[in-house]
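Here is a short report on one structural model.

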There are 2 protein chains.
Amino acid sequence: MSFSPLIENLVDGLRCLPGVGPKSAQRMALHLLERDREGATALAESLVAAMTGVRHCQQCRNFSEETLCSICRDQRRDNKTLCVVESPSDVMAVEQSGSYRGQYFVLMGHLSPIDGIGPEEIGLDQLQSRVADEDVTEVILATNPTVEGEATAYYVGELLRADGVTVTRIAHGVPLGGELEFVDGNTLAHALSGRREVGIT
Amino acid sequence: MSFSPLIENLVDGLRCLPGVGPKSAQRMALHLLERDREGATALAESLVAAMTGVRHCQQCRNFSEETLCSICRDQRRDNKTLCVVESPSDVMAVEQSGSYRGQYFVLMGHLSPIDGIGPEEIGLDQLQSRVADEDVTEVILATNPTVEGEATAYYVGELLRADGVTVTRIAHGVPLGGELEFVDGNTLAHALSGRREVGIT
């Protein structure tokens, strides 16, 4: 016993969403059919529009509908500083901190030779030529503090330092609002080795 | 700072799915754009196909692409027994139990006067005429064991008993595999009042 073919197709289709298993997909499909057919139609339209319309910014590789994304087009931002992140949601996170006014470069992933993702796939040649062309003075490496993110940061750092540009890495340490006893040992080791003299800002 | 309009639309669209908040919707949108554009296009197609193609079976009100659903069309099933359930997923649940070979009637909800859902909205006139026309001998009420489900079962039961048909309610009691000490008092009260003499089947 199963639902009709169209419903089965819909359940299968919904499973392409991350974190959605067979039970949730079935619940979603029935919910849409019973209560929100308009919403489902609108969702289908926005899916098609996004999948056909969203490409990558030619300069920073972030998602954009136009050749240059809104951040790259913004003349008020500092063109001499470049923040290298792994994904578009990282750009969002840094923007939401409100403390960065430079430009970005989005790797759209991290180095992972085992998956065939090398320097070319994450656009490092593009990054190098951009750093050279635009006289970038500082590159901030803000990849994730994971093994892959650290390895990528190390590789990118070595590459750009050879070109004579200042390369920095965001600080790792104890997050605000956390309690010291619940912070893991590695983070605490980073926090200790990255200590700064009090009174100097 | 926000994503481009197309991505924002997609995030909004995904929020029509049950259990998907702003953060999950954003994660889903970026996942689809980064890793599964084909899947997203297929999902859009299956959404449109299901929303336009899936209607209700004229006989049992379950979801169906044709005038009669596959269960109603099945000649090998017992036409004299009717199981009344609240939703299509309940039909699926009863079918998966493998112990029922009769027909169904799907209310597509339950009585809820406060939301304007009365006997007409859950198709009770259709149920009554079907019971009369097809010489149904037994109607099994399998609405959910919730307040609304019980009230609906009571109402449907009174209605059909007046027409002279046998009406039964599925048994409530201790679920298999459960432990008695964790079963709530109401269920246990049902289990006690619904006790049966051992050796009689």
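The sections below describe the model by topic.

## Basis

This is a predicted model, in which local features need pLDDT of at least 70, side-chain atom pairs count only at pLDDT 80 or more, and totals for chains, interfaces and linings use all residues. Residues are numbered from 1 along each chain as its sequence is written, chains are lettered from A and ligands numbered from 1 in the order written, and side-chain values use heavy atoms, without hydrogens and water.

The same surface serves both: 100% of the contact residues of chain B recur in chain A (contact: heavy atoms within 4.5 Å).

## Domains

Chain A splits into domain 1 (79-169) and domain 2 (173-201). The bounds come from an automatic or database domain assignment. In chain A, the centres of domain 1 and domain 2, taken over C-alpha atoms, are 24 Å apart.

## Largest pocket

The largest pocket holds about 640 Å³ of space. A pocket is an open set of points on a 1 Å grid over the protein atoms alone, where a 1.4 Å probe fits, with protein on both sides within 12 Å along at least five of seven lines; lining residues have an atom within 4 Å of a point. The volume is the space filled by probe spheres set on the points, which are joined across faces, edges and corners.

Of its 30 lining residues, A:Ser87, A:Ser89, B:Leu30, B:His31 and B:Glu34 are the closest to the centre. α2(B) gives the most to the lining, with 9 residues (helices: DSSP runs of H or I, at least four residues, numbered from the N terminus).

Methods
Helices (H or I, at least four residues) and strands (E, at least two) are DSSP runs, numbered from the N terminus.
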